[in-house]
Amino acid sequence: TLCEHDAMTLAELQSVIAATYGVRDAERGIPSTVAWIAEEVGELAQAVRKGTRAQQEHEFSDVLAWVASLANQLDIDLTHALERYAAGCPKCHAVPCACG
């Protein structure tokens with residue numbers, strides 16, 4: 001487990017979510033997990049518009065947890081998936097993006 005001041009990596013998030021919810025998430029299935037993500041994104045949008053910072057952080061964590069769950073079900077490594085953004089914009093490869 002991580003100390004409260006350690007930053008969690010995406011790989012650690014995926015591992016914690018798999019260990020905590022993996023069996024239940026697999027039983028729920030991909031379509032239901034996608035529905036949960038959509039619901040959580042809606043809750044995040046509401047928290048951004050009307051919520052406190054604590055509520056916003058709570059909803060961000062829920063969205064990320066559900067994304068990790070879906071990635072686990074699809075056997076997607078989120079760290080690898082995000083490598084396309086490592087050099088900036090995946091289209092123009094500029095920082096900041098020059099596509100505009």
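This is a predicted model: local features need pLDDT of at least 70, side-chain atom pairs count only at pLDDT 80 or more; totals for chains, interfaces and linings use all residues.
Me: What is the distance between the end C-alpha atoms of H1?

Reply: Helix H1 covers residues 10–28, which is 19 residues. Its end C-alpha atoms are only 22 Å apart, whereas a straight helix would reach 27 Å at 1.5 Å a residue. Just after H1, Gly29 has a positive phi of about 95°.

Me: Which residues of H1 are buried, and which helices do they pack against?

Reply: An α-helix has 3.6 residues a turn, so residues three or four places apart point the same way. In H1, the buried residues are Leu13, Gln14, Ile17 and Asp25. The buried residues of H1 pack against helix H2 (30–50), helix H3 (53–73) and helix H4 (78–81).

Me: How many aromatic pairs does the structure hold, and how are the rings arranged?

Reply: Planes under 30 degrees apart count as stacked. The structure holds one aromatic pair. The ring centres of Trp36 and Trp66 are 5.2 Å apart and the planes are at 0°, so the pair is stacked. The pair links distant parts of the chain, with Trp36 in helix H2 and Trp66 in helix H3, 30 residues apart.

Me: Is Trp66 buried or exposed?

Reply: Buried means under 20% relative accessible area. Trp66 has 15% relative accessibility, so Trp66 counts as buried. Trp36, at a relative accessible area of 34%, is partly exposed.

Methods
Residues are numbered from 1 along each chain as its sequence is written. Side-chain values use heavy atoms; hydrogens and water are left out. Helices (H or I, at least four residues) and strands (E, at least two) are DSSP runs, numbered from the N terminus. The expected span of a helix is 1.5 Å times one less than its number of residues. Buried means under 20% relative accessible area, exposed over 50%, partly exposed in between (1.4 Å probe, protein chains only). Contact means heavy atoms within 4.5 Å. Rings of Phe, Tyr and Trp (its six-membered ring) pair if their centres lie within 6.5 Å; planes under 30 degrees apart count as stacked, over 60 as edge-to-face and the rest as tilted.
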